[in-house]
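My entries follow in the order I made them.

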Amino acid sequence: MDRIPILKFGDCLLVTIQVDMHDQLAMALQDDLTARLVKERSRGVLIDISALEIVDSFMGRILNNIASMAKILDAVTVVVGMRPAVAITLVELGLELPGVRTALNVERGMDLIRSTVDAETASDVDLD
Amino acid sequence: MSTSTETLPIKSAEDVVRVRQVVRTKAAGVGLSIVDQTKIITAASEIARNTLDYGGGGEVAIESVKEQPRTGVRLIFRDNGPGIPDIEQAMRDNFTTGSGLGLGLGGAKRLCTDFSIQSKVGSGTTIMLARWK
C-alpha cells in the first residue's frame with residue numbers, strides 16, 4: 001500500500017500531504033507518525049495540508065487523533081497551510097479541531113513548534 | 001439548457017476518492033465558486049463514506065445542471081443497505097452507530113442548498129444533495 005512520507009527535521013517530524021488520501025491511507029499515516037514519534041523521540045509534528053482541497057469529518061478526526069497521540073508522547077502538533085475555503089467548510093460542517101494548533105505556513109508553524117517546545121522545556125527547568 | 005450525468009460505483013475507499021474528484025470536476029465545470037466547490041465536495045465525501053460504511057456500498061449519480069434558473073451540481077446516492085430506522089435521530093449532530101464523529105448527515109446537509117433523504121428499513125437509502133450557484 002502507498003504511504004505518506006514522514007521526514008525527520010531536527011527534533012521534528014514533517015509531513016506534506018500531496019495527494020487526496022483514501023481513508024486507509026490516512027489511518028496508516030496516523031499509525032506511522034505515532035511509531036516515528038516514539039522512535040525518533042521528536043518534540044514536534046508539522047503537517048502541511050496546503051495541497052488538500054477538502055478536509056472532511058474523517059480527515060478531521062485523523063488530525064485530532066494525531067494531535068492527541070502526539071500530546072501523550074510529549075510532542076506538539078501544528079497543522080499548516082489550510083486553504084480558506086477548507087476552513088469555512090469545516091466550520092459549517094461543525095467540525096472542531098480542539099487539540100490541533102494551526103499556523104498559516106510552514107515557517108510560522110516551525111516557529112510555533114519551536115516556541116512551544118522551548119516554553120515547555122523552560123517550565124520543566126523551573127520545576128526542578 | 002443542459003445536464004450531464006456520470007454514475008460511479010461506491011464499493012471501496014478508493015471509490016470515495018474518485019467521487020470527490022468527479023464532483024470537483026463537475027462543480028468547477030458549471031462555475032461554482034471555490035468555497036461552494038469545497039462545500040459540495042466535502043458533503044459528497046461524507047455521504048459517499050456513509051454509503052460505503054453503513055449502506056454496504058452503492059452508487060452515486062453526479063449531475064451538472066445548467067438550466068434556468070439553476071446552475072450547479074446534483075448528486076444522488078443510492079444503496080441497498082439496511083436503511084435508517086430513525087432519520088431524525090441520524091440527522092442529529094454527534095449521533096453515530098459507528099465509529100465516526102456523527103457529523104456526516106447533519107454536516108452534509110448544512111453544506112448543501114438542497115438535501116433530501118429517503119430510507120426504508122431492509123431495502124436501502126437514497127440521499128440527494130445539490131449545490132446551486
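Is Arg3(A) buried, partly exposed or exposed? I worked from a predicted model, and there Arg3(A) is partly exposed, with a relative accessible area of 47%.

Next I looked up its partner. Arg3(A) forms a salt bridge with Asp32(A), the closest N and O atoms being 2.7 Å apart. Asp32(A) sits in helix 1 of chain A and Arg3(A) in the segment before strand 1 (6–9) of chain A, so the pair ties together parts 29 residues apart in sequence.

I then turned to pairs between chains. Asp20(A) and Arg20(B) meet in a salt bridge at 2.5 Å, N to O. Asp20(A) lies in the loop between strand 2 (12–16) and helix 1 of chain A, and Arg20(B) in helix 1 of chain B, so this pair joins two chains. I noted Asp20(A) as partly exposed at 32% and Arg20(B) as buried at 6% relative accessibility.

I also found Glu53(A) in a salt bridge with Arg24(B), with the closest N and O atoms 2.7 Å apart. This pair crosses between chains as well. Glu53(A) is partly exposed at 33%, and Arg24(B) is partly exposed at 31%. Shared partners join Asp20(A), Asp23(A), Asp56(A), Arg20(B) and Arg49(B) into one salt-bridge network.

I checked the second largest pocket, whose volume is about 250 Å³. Its lining has 20 residues, and among those nearest its centre are Asp20(A) and Arg20(B). By class I logged 10 nonpolar, 3 polar and 7 charged residues in that lining.

Last, I looked at helix 2 of chain B. There 16 of the 20 residues are buried, so the helix is largely enclosed by the rest of the structure.

Methods: Residues are numbered from 1 along each chain as its sequence is written. Chains are lettered from A and ligands numbered from 1 in the order in which they are written. This is a predicted model: local features need pLDDT of at least 70, side-chain atom pairs count only at pLDDT 80 or more; totals for chains, interfaces and linings use all residues. Side-chain values use heavy atoms; hydrogens and water are left out. On a 1 Å grid over the protein atoms alone, a cavity is a set of points where a 1.4 Å probe fits but cannot get out, and a pocket is an open set with protein on both sides within 12 Å along at least five of seven lines; lining residues have an atom within 4 Å of a point. Grid points are joined across faces, edges and corners, and a volume is the space filled by probe spheres set on the points. Ala, Val, Leu, Ile, Met, Phe, Trp, Tyr, Cys and Pro count as nonpolar, Asp, Glu, Lys and Arg as charged, and the others, Gly among them, as polar. Buried means under 20% relative accessible area, exposed over 50%, partly exposed in between (1.4 Å probe, protein chains only). Helices (H or I, at least four residues) and strands (E, at least two) are DSSP runs, numbered from the N terminus. A salt bridge is a side-chain nitrogen of Lys or Arg within 4 Å of a carboxyl oxygen of Asp or Glu.
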